[in-house]
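Q: Could you show me how to read a model like this one, feature by feature?

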Amino acid sequence: MICKNMAKHGYKSEQIHETRETPSPELPIRQAGHEQDYCEKTVSAAVDSPDVRRHLEEKQHERSRGMEVGR
């Protein structure tokens, strides 16, 4: 959920990945030997999720309309 919210607010995949990895002290225990892979899959799923893509498209559309109104 946090990764999706960050993606919706325009954070880059690298920033989301770092955020996902840093505050999870149990990550090495829960995903022993697969921490990097787990974070990459989580970030990819968030960034590529339909609701995130839809949200970003709506924001882009709103910005485009705002530029048209300002002419």
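Q: How many helices and strands are in the protein?

A: Helices (H or I, at least four residues) and strands (E, at least two) are DSSP runs, numbered from the N terminus. Here there are five helices and zero strands, giving the pattern α-α-α-α-α along the sequence. This is a predicted model, where local features need pLDDT of at least 70 and side-chain atom pairs count only at pLDDT 80 or more, while totals for chains, interfaces and linings use all residues. Residues are numbered from 1 along each chain as its sequence is written, and side-chain values use heavy atoms, leaving out hydrogens and water.

Q: Which residues form the largest nonpolar core?

A: In soluble globular proteins, nonpolar side chains tend to be buried together. A nonpolar core is a set of buried Ala, Val, Leu, Ile, Met, Phe, Trp, Tyr and Cys residues joined through side-chain atoms within 4.5 Å; buried means under 20% relative accessible area (1.4 Å probe, protein chains only). In this case, the seven residues are Cys 3, Met 6, Ala 7, Ile 16, Val 43, Ala 46 and Val 52.

Q: How much of the protein is buried?

A: Of its 71 residues, 20% count as buried.

Q: What does Met 6 touch?

A: Contact means heavy atoms within 4.5 Å. Leaving aside residues up to four places away in sequence, Met 6 touches Tyr 11, Gln 15, Ile 16 and Thr 19.

Notes
Buried < 20%, exposed > 50% of the residue type's maximum accessible area, 1.4 Å probe, protein only.
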